[in-house]
Amino acid sequence: MLFLTNSLLSGFGDKLAYLDPGSGSFLLQLLIAALLGAGIALRASWSKVKKFFGIETPVDEDDEDEESAE
């Protein structure tokens, strides 16, 4: 894998790279989108994460009274 990557990138040593001002903004947008996406994915699967670590949600006494009344 390292050999393949090294051989593909060996031809780029003589060339100069150019990043215009919009590139930084684009990279910042990618970072923000990745963080927000990870947060949404974590929130959507939060119950599975808690179950994995063995954390139980405490049950309120009011909820138990309502369930027994039905």
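Guide: We can begin with Ser-47, which sits in helix 3, a helix that covers residues 46–53. Keep in mind that this is a predicted model.

Visitor: Is Ser-47 buried or exposed?

Guide: The cut-off for exposed is over 50% relative accessible area. Ser-47 has a relative accessible area of 53%, so Ser-47 is exposed.

Visitor: How far apart in space are Ser-47 and Thr-57?

Guide: In sequence, Ser-47 and Thr-57 are 10 residues apart. From C-alpha to C-alpha, the distance in space is 9.3 Å.

Visitor: Which aromatic pair is found, and of what kind is it?

Guide: The search of the whole structure finds 1 aromatic pair. Its rings belong to Phe-52 and Phe-53, with centres 5.1 Å apart. Planes over 60 degrees apart count as edge-to-face. The planes here stand at 80°, so the pair Phe-52 and Phe-53 is edge-to-face.

Visitor: Are Phe-52 and Phe-53 buried or exposed?

Guide: Phe-52 has 67% relative accessibility and counts as exposed. For Phe-53 the value is 59%, so Phe-53 also counts as exposed.

Visitor: Which residues form a nonpolar patch on the surface?

Guide: One of them is Leu-36, which lies in helix 2, residues 21–44. Leu-36 has 53% relative accessibility and therefore counts as exposed. The patch has about 510 Å² of accessible area together, and its members are Leu-28, Leu-31, Ile-32, Leu-35 and Leu-36.

Visitor: What percentage of the residues of the protein count as buried?

Guide: Buried means under 20% relative accessible area. The protein exposes about 7,100 Å², with carbon and sulfur atoms supplying 64% of that area. Of its 70 residues, the share that count as buried is 1%.

Visitor: What pattern does the protein follow along the sequence?

Guide: The protein has 4 helices and 0 strands. Read along the sequence, the pattern is α-α-α-α.

Visitor: Which element has the lowest mean pLDDT?

Guide: Across the protein the average pLDDT is 78, and 64% of the residues score at least 70. Among the elements, helix 2 has the highest mean, 92. The lowest mean, 60, belongs to residues 61–69, which form helix 4.

Conventions:
Residues are numbered from 1 along each chain as its sequence is written. This is a predicted model: local features need pLDDT of at least 70, side-chain atom pairs count only at pLDDT 80 or more; totals for chains, interfaces and linings use all residues. Side-chain values use heavy atoms; hydrogens and water are left out. Patches are made of residues with over 30% relative accessible area and no salt bridge: like charges are joined within 9 Å, nonpolar side chains (Val, Leu, Ile, Met, Phe, Trp, Tyr) within 5 Å. Accessible areas come from the Shrake-Rupley method with a 1.4 Å probe; for residues, only the protein chains shown count as cover. A salt bridge is a side-chain nitrogen of Lys or Arg within 4 Å of a carboxyl oxygen of Asp or Glu. Helices (H or I, at least four residues) and strands (E, at least two) are DSSP runs, numbered from the N terminus. Buried means under 20% relative accessible area, exposed over 50%, partly exposed in between (1.4 Å probe, protein chains only). Rings of Phe, Tyr and Trp (its six-membered ring) pair if their centres lie within 6.5 Å; planes under 30 degrees apart count as stacked, over 60 as edge-to-face and the rest as tilted. pLDDT is the predictor's confidence in each residue, from 0 to 100.
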